[in-house]
Amino acid sequence: MATLGGLMAIALGFAFTQLSTVVICIIGALFLALGLDPLVRWLTRRRIPRGFSILIVFVLVIAFAAAVFLLVIPAVVDQVAELVQNLPGAIAAVTKEPWFTRVFGDTSGSEQLEKDLASFLSDPVNLVSLGGGVLKIGTAVANGVSGGILVVVLTLFFLGSLDAVKNSFYVLVPMSRRAAVVDITDQIVGSIGKYVSGQVLLAATNGVFGFIAMVLVGVPYAGALAVVAFLLALIPLVGTVISAVLVTFVALTVSPLTAVIIGVYFLVYMQVEAYVLSPRVMNKAVDVPGILVVIGALVGGTLLGVLGALIAVPVVASVLIVVKQVVVPRQALK
């Protein structure tokens, strides 16, 4: 029996590994559905039927995604291509700056480095090899497209059947505890939805204001960097910091003064976000101690990557809701 149990555990682990992509898509779709549910409920409170509310929300999301794809992605691709093309010259310009010579001393090998880097980047085969080869890149693109379609379809189904799924779950709970379970479930669902909406709002604020600051200061590739900053800011705790370091490094190719100015801007923005924007947006959604946010983000990021880091905070908030309203009262009765 022990051997059979071990073999079943190995088989289940192998099956979960093979289905990891599908599991991640399901978790991502459920997360998106819970994030869009507050908007759907807001429309239903305006006496719009839930079916039409879901359709309106989904059309808006698809329209936003299409606008980003058609308007932003081509510009980002062009600017990234230009960045790759100008990278050797930018590195050479930095190495010839007086401050670089004072810090690092002799830079006689920089010219050869520039030539080698330009030769490497000018060969498309090398660029493809960086991504793991044509087959690997093609497979990644195909998996990304199919995964995106699967997430969209699952999100639509989750939105349409969210109330039915919750009601089916409530039936399994004894009548004496059903009211408490319904209340806790509604709190968890509402907390996750508000968190997702708040995180997207904060990320959009980071991207928009970052773009304005980069344009005013003169940082190159502002459009591409603003999109990257928006996507990175979706990751709690470290996303904004990573985007600030990336933008500051690119600004360094212009001049040290430009890098200092944009670096100071991000430092000020992070303080405003931490002490003004984030409390006002997030306090109504989640109430999680800072240390638990850090631990949850680290554990979630280790298990599921970026998606795990994204869902870590609402998961921790949900666990805290259960602990405060179920475990703690039971301990008080003992």
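**Exercise 1. Describe how helix H9 packs against helix H10, giving the angle and the distance between their axes.**

Solution. Helix H9 covers residues 222-233 and helix H10 covers residues 239-252, and their axes lie 7 Å apart at an angle of about 160°. Axes here are lines fitted to C-alpha atoms, for helices over the stretch in contact, with angles running from 0 to 180 degrees between N-to-C directions. H9 and H10 are therefore roughly antiparallel to each other, a term used for angles over 145 degrees. The crossing of H9 past H10 is right-handed, meaning that the near helix is turned clockwise from the far one by less than a right angle.

This is a predicted model in which local features need pLDDT of at least 70, side-chain atom pairs count only at pLDDT 80 or more, and totals for chains, interfaces and linings use all residues. Residues are numbered from 1 along each chain as its sequence is written, and side-chain values use heavy atoms, with hydrogens and water left out.

**Exercise 2. Which residues of H8 meet which residues of H9, and how do they divide into nonpolar, polar and charged?**

Solution. On the H8 side, the residues in contact (heavy atoms within 4.5 Å) include Val200, Phe211 and Met214, while those on the H9 side include Leu225, Ala229 and Phe230. The residues of this contact between H8 and H9 comprise twelve nonpolar, four polar and no charged; Ala, Val, Leu, Ile, Met, Phe, Trp, Tyr, Cys and Pro count as nonpolar, Asp, Glu, Lys and Arg as charged, and the others, Gly among them, as polar.

Conventions:
Helices (H or I, at least four residues) and strands (E, at least two) are DSSP runs, numbered from the N terminus. Angles under 35 degrees count as roughly parallel, over 145 as roughly antiparallel, 65 to 115 as roughly perpendicular and the rest as oblique.
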